[in-house]
Amino acid sequence: MVALPGVDPAWSSYVDVPSASAADNPGTVNSWHYLDNGPQLSAAGTAVRGTLLCVHGNPTWSYLWRTLLAQGVLEGWRVIAVDQLDMGFSRRTRTFRRLADRVTDLEDFAAALHLDGPLVTVGHDWGGVVSLGYAHRNRANLAGVILTNTAIHQEPTKPIPSLLRLALLPGVHRIGTQTTSAFLDVTHALARPKLRSEVRAAFRAPYRTRADRAGIANFVSDIPATPSHPSYAALTDIAEGIRTLDVPSLMVWGPRDPIFTDTYLEDLTRRLPSADVHRFEDAGHLLQEDADVAGTIFRWLGERFPTGSRKASTAASAPPAAPPPTFLWHQLRERSAGPEQDSLAVAEMGRDSIRRSMSWRELADDVDAVAAGLTRFGVGSGSRVSLMVPPGVDLTVLIYACLRIGAVIVVADAGLGTKGLSRAVKGSVPDVVVGIERALLAARLFGWPGRRISVGTLSAGKRALHVESSLETLRTTPPGPVGDQNPDPDADAAILFTSGSTGPAKGVVYTHRQLSGMRDTVGGTFGLGPGGALVAGFAPFALLGPALGAASVTPDMEVTASKTLTARALADAAEAIDATAVFAAPAALRNIVATRDGLTASGKLALGRVTTVLSAGAPVPALLLQQVQELLPVASLSTPYGMTEALPVSTIDLEGILAAEADAEAEATADAAGATPGVVRGAGNGVCVGRAVQGARLAVSALSDDGVPHGTPTTEPGITGEILVDAPHVKSRYHRLWRTEEMSSRTAPWHRTGDVGHFDEAGRLWVEGRLGHIITTPGAVRTPVGIEQALEKLDAVRLAAVVGVGPAGTQAVVAVVEPLPAPGRNRRRTRKPVLADAGLAERARSAARMAGVDLAAILTVPALPVDIRHNAKIDRAEVAKWAGGVLAGGSSRTP
């Protein structure tokens with residue numbers, strides 16, 4: 001074998017293997033080529049922890065696994081990557097080998113090398129099927145199973161992927177797979193990013209001639225597309241047999257694969273339900289080329305097979321069982337049967353008045369009816385139901401109906417955008433999609449999985465949208481059993497997707513116990529409960545009302561676009577239910593203040609009766625809260641801090657914010673004049689988010705000199721580190737993101753938030769930014785928020801982003817500011833991106849120096865990119881990339 005990039009020539013080996021396959025004549029001996037790092041481990045005297053037997057698919061070869069071989073040397077794992085017969089540099093047998101033959105072939109190879117365990121099989125594409133066939137039949141020394149983009153079952157009623165259908169067409173098959181290199185070329189084109197020319201050449205090396213490619217053609221011919229295919233029985237035997245595998249399993253997936261979609265992953269997880277799964281959101285079919293598959297596999301092996309152990313680690317002993325929680329629907333049941341049963345429970349506003357409402361009794365009855373309808377439709381415990389319905393009465397009913405019968409609700413809002421929303425839905429693989437017409441059109445257009453139920457009137461035909469039922473049909477069909485009213489408290493209850501403001505949106509899994517914990521924390525911390533009435537102007541809180549026993553109303557706004565809530569709409573909603581509490585995002589508060597002139601006298605009186613205002617999702621300036629206070633004069637204004645993974649984790653009210661800012665100013669003054677007794681140290685350099693909420697603990701893990709959190713959890717004042725939280729309502733895990741979950745929970749029982757901050761001497765937490773946004777300058781680690789706050793105090797600056805440009809460790813600090821537009825001008829048309837003028841630049845540099853930083857450059861843009869859900873979180877990664885390009889002479893197009 002010629003020298004190839006990424007391959008140590010010493011790995012290349014050949015072995016003659018007697019064949020037991022029915023495809024070969026008796027006495028046949030086949031020459032196998034394989035890559036093996038074992039001799040390297042032996043030469044180094046490294047103790048071998050186990051063996052990975054890696055099997056490629058079609059049309060690749062053992063070269064696919066080169067990163068595993070290299071890292072295996074470092075990790076103490078022997079890695080053997082075979083070239084299947086008729087593939088790679090193994091013998092061209094000139095016989096047609098079916099799936100059953102290939103499983104036997106792999107058994108022959110393993111026997112010839114005396115692979116006696118502990119053995120972990122690793123497979124990709126067709127190699128996944130072959131490796132599973134081996135695992136199914138050879139369990140004695142099997143220690144684990146690892147799969148990457150493969151399929152083990154083809155639903156007889158559904159066609160195989162279109163690319164494979166094309167490759168099987170009689171007029172295309174032989175020409176596309178053997179006569180020409182078309183099948184190779186198409187496969188290599190699936191890499192993301194594009195393969196380097198030398199890597200592409202390495203993948204093509206064993207397949208230069210028509211004769212070399214016979215195995216590729218035969219592999220395609222052996223796809224069991226229908227039950228009549230000769231290999232269908234062998235595939236079915238493997239697919240059913242693996243259900244009883246009891247070894248650790250890992251599935252690493254590239255969802256941007258047009259062949260092995262998430263539907264095939266879903267099938268595998270149902271056959272191996274205890275498997276760990278990690279999806280690399282931007283990876284495709286050749287995910288070994290697209291993502292850090294090797295690093296993920298060895299992290300998993302390190303956890304499952306600790307050093308010194310030849311057996312998979314067992315789970316730690318479970319803590320004593322906690323008492324069952326009060327489920328989310330408890331208050332709904334209580335109030336629907338009590339004296340309040342005919343009082344308002346949930347409402348949604350039209351332009352000037354309540355458009356639709358239900359009493360507690362009506363809501364409970366409707367939940368029961370829909371729960372029974374869903375049960376008859378086939379939804380049950382563990383079924384995933386994607387809810388594509390705007391906040392309001394229907395969504396409230398659907399959520400509580402699903403939870404009642406043990407179904408798992410999947411919630412991804414339209415704020416993710418079409419691309420992000422489609423990723424979220426496909427990644428969660430719902431059994432059912434319930435949606436309004438616009439959502440169902442998207443489901444049809446983008447091929448979302450799941451049966452479909454419509455909500456509301458359809459202008460398009462049900463058949464065109466593949467709609468099988470409607471919410472009204474669920475409500476009105478004959479009554480039937482509701483199903484399990486008390487599911488396992490620790491069973492999955494919800495998958496809630498993050499906003500996507502810091503990367504692809506992640507699915508966050510909550511159990512019933514954790515959702516109940518969230519309700520108890522919100523109610524206990526903010527005094528919300530039975531008898532209250534809340535205006536839900538912030539989507540994450542829009543459905544807590546029934547759980548708290550409080551009446552709730554959705555105001556007239558686009559709930560996924562917070563900035564559309566006006567003062568008039570808020571007042572109308574508050575007046576309609578005599579509200580005591582308001583939930584609204586910071587962007588909504590800004591618009592409420594901006595539109596306050598539209599308030600009526602009765603609206604002002606209604607707002608004057610509100611006693612609690614909560615605003616979460618982004619920092620809220622004290623000045624804005626003070627302006628809101630003028631509109632709601634008796635309300636306690638609080639800004640809870642949290643994230644989709646744990647909401648809330650801390651809180652602070654307006655009085656607390658003003659006190660924190662005063663302490664920060666006093667400390668700065670003291671530092672300028674020399675140390676002064678009585679100053680609260682640690683105040684400032686960030687946003688003060690207060691103290692932990694009821695039942696939660698907070699800590700930080702200190703940053704190293706290169707910005708990596710490494711310290712043990714601490715609450716010592718003045719130490720900047722990654723913020724950690726421990727609370728009953730912290731998420732269960734990330735959905736099919738094993739590596740992300742492992743990183744976030746590696747300091748058990750703490751959840752690592754990815755935010756960076758510190759405590760002051762008063763025990764308050766200050767958030768300084770995101771871990772991924774810290775700036776590593778020569779000799780110092782900088783966090784952005786404190787510097788941004790200093791810049792945003794300048795009269796000419798509306799919003800600021802501070803980013804690092806250049807290589808880690810030597811980054812320059814660059815400020816990108818969004819100036820305030822001149823009066824009467826649209827800020828998005830005010831200026832093109834440019835270097836700041838001399839006056840603004842000097843004021844910005846002076847402000848940054850007060851924060852302890854020298855700015856290398858100050859750029860201005862008409863508008864900084866912010867997330868859709870909160871209209872507030874700046875995409876600093878995108879800003880940094882843009883700023884680096886501009887300063888290097890690239891395009892100055894707005895980021």
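Is E340 buried, partly exposed or exposed? E340 has a relative accessible area of 27%, so it counts as partly exposed. The terms are set by cut-offs: buried is under 20% relative accessible area, exposed is over 50%, and partly exposed lies in between, with a 1.4 Å probe and protein chains only.

Before going on, some housekeeping. This is a predicted model, in which local features need pLDDT of at least 70 and side-chain atom pairs count only at pLDDT 80 or more, while totals for chains, interfaces and linings use all residues. Residues are numbered from 1 along each chain as its sequence is written, and side-chain values use heavy atoms, with hydrogens and water left out.

Now the whole chain. The protein chain has 30 helices and 36 strands. These are DSSP runs numbered from the N terminus: helices are H or I with at least four residues, strands are E with at least two. Along the principal axes, the C-alpha atoms fill a box of roughly 95 × 75 × 55 Å. The radius of gyration is 30 Å, which agrees with a compact globule, because 895 residues in such a globule would give a value near 29 Å. That radius is taken over C-alpha atoms, and the globule rule is 2.2 Å times the number of residues to the power 0.38.

On burial, 58% of the 895 residues of the protein chain count as buried. The accessible surface comes to about 35,600 Å², and 53% of that belongs to carbon and sulfur atoms. The areas come from the Shrake-Rupley method with a 1.4 Å probe, and for residues only the protein chains shown count as cover. As for contacts, meaning heavy atoms within 4.5 Å, take the ones between residues at least 6 apart in sequence: 70% of them join residues at least 24 apart.

Next, charges. The protein chain has 87 positive and 88 negative charges, and their mean positions are 6 Å apart. Lys and Arg count as positive, Asp and Glu as negative, and His and the chain ends are not counted. Each charge is placed at NZ of Lys, CZ of Arg, CG of Asp or CD of Glu.

In general, side chains of opposite charge can pair when their charged atoms come close. The rule for a salt bridge here is a side-chain nitrogen of Lys or Arg within 4 Å of a carboxyl oxygen of Asp or Glu. By this rule the count is 51 salt bridges.

Back to E340, then. Its salt-bridge partner is R335, with the closest N and O atoms 3.8 Å apart. R335 has a relative accessible area of 11%, so it is buried, whereas E340 is partly exposed.

Another pair is R739 and D292, whose side chains meet at 2.9 Å, N to O. This pair links distant parts of the chain: R739 is in helix α27, residues 738-744, and D292 is in the loop between α12 (287-290) and α13 (293-304), 447 residues apart. D292 has 36% relative accessibility and so counts as partly exposed.

R513 and D490 also form a salt bridge, the closest N and O atoms being 2.7 Å apart. R513 belongs to helix α20 (residues 512-526) and D490 to the loop between α19 (471-476) and β16 (492-497), so the pair, 23 residues apart, links distant parts of the chain. Both ends are partly exposed: R513 at 21%, D490 at 47%.

Which residues are linked in a network of salt bridges? They are R256, D262, R279, E281, D282 and R423.

Now the backbone. A cis peptide bond joins R192 and P193, with omega about 5°, and P193 is in the loop between α7 (182-188) and α8 (197-204). Another cis peptide bond joins A748 and P749, with omega about 5°; P749 is in the loop between α27 and β29 (751-759).

Two residues other than glycine have positive phi. For D86, phi is near 75°; D86 is in the loop between β4 (77-82) and α3 (99-112) and is buried, at 5% relative accessibility. For N685, phi is about 55°. N685 is in the loop between α26 (654-673) and β25 (687-692), and its relative accessible area of 41% makes it partly exposed.

Last, S470. It is in strand β15, residues 467-470, and counts as buried at 16% relative accessibility. Leaving aside neighbours within four places in sequence, S470 is in contact with I453 and S454.
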